[in-house]
Amino acid sequence: MKHQQNLANIKKIAIPILCLLHMTAIFWWTLPHNFAGMVAEDINQTTIETKLFKWLSFSESRWPAFLLSHYIDITGSQQYWDFFAPQSPKFHQYLSVCNNLYREKKSGETSCKGPILFSNLKDNFDTFTMFSNSSRYYRLTETLINLNDPELLQAFTQYYQTRQPNDFSNNDSAQLLVHQFELYPNLKDIPKSGYRTDKIFWESH
């Protein structure tokens, strides 16, 4: 009983302190002079304004600025609000690295023929794990597709190609296949596989 009371007392103290720290860090980060020197001082500022900003930005004291900047970075509080409410994507996109391709005539789907060197496309979603690499892989592949940089695509493909057994790592042929699932179909030229489209994104010979 005493232990629970002590824990409750600690919470009463810790929660307000954390809330105050968070509000102070957000307020401090939104000041014009806290973007790591990216925002220059306004020459039209009055002397009082300049002194006020220097005082608020802890320019004369390093440890408060060090504490607040690390708090902002660790908690990710510098993210824009659209990070939490992003624009809905038009496609769900996935990548596969293959050393040979197979096209299903009936459905029109294209997939790896033989061993799959890499793929974050999963046909079976019956199992769910709370801690997995699926989210990290999805963001990575989504970024690669959006950037469409040949050098990055080549590096990504060759990375998984060279991490295979000798029978496949020495194979010069490799294809990077993108799978797109349209979320808002306009019902025009729908492929045989429905709202799924597979295409070769990059390949080496």
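**Close-up 1. N148 in the loop between α4 and α5 of the predicted model.** N148 counts as partly exposed, since its relative accessibility is 44%. This residue sits in the loop that runs between α4 and α5 (150-162). Its phi is positive, at about 55°, although N148 is not a glycine. Most residues other than glycine have a negative phi.

**Close-up 2. The aromatic pair Y94 and Y138.** A search of the whole structure finds seven aromatic pairs. In the pair shown here, the ring centres of Y94 and Y138 are 5.5 Å apart and the planes stand at 65°, so the arrangement is edge-to-face; the angle cut-off for this class is over 60 degrees. Y94 belongs to strand β1 (residues 91-98) and Y138 to helix α4 (residues 134-147), so the contact ties together parts that are 44 residues apart in sequence. Both Y94 and Y138 are buried.

**Close-up 3. The aromatic pair Y94 and F181.** The ring of Y94 also pairs with that of F181: the centres are 6.0 Å apart and the planes are at 80°, so this pair is edge-to-face. Distant parts of the chain are linked here, with Y94 in strand β1 and F181 in strand β5 (residues 174-182), 87 residues apart. Y94 has a relative accessible area of 16% and is therefore buried, as the limit for buried is under 20%. F181, at 26% relative accessibility, counts as partly exposed.

**Close-up 4. An aromatic cluster.** The residues shown are F118, Y137, F156, Y159 and Y160, which form one aromatic cluster.

Technical notes:
Residues are numbered from 1 along each chain as its sequence is written. This is a predicted model: local features need pLDDT of at least 70, side-chain atom pairs count only at pLDDT 80 or more; totals for chains, interfaces and linings use all residues. Side-chain values use heavy atoms; hydrogens and water are left out. Rings of Phe, Tyr and Trp (its six-membered ring) pair if their centres lie within 6.5 Å; planes under 30 degrees apart count as stacked, over 60 as edge-to-face and the rest as tilted. Helices (H or I, at least four residues) and strands (E, at least two) are DSSP runs, numbered from the N terminus. Buried means under 20% relative accessible area, exposed over 50%, partly exposed in between (1.4 Å probe, protein chains only).
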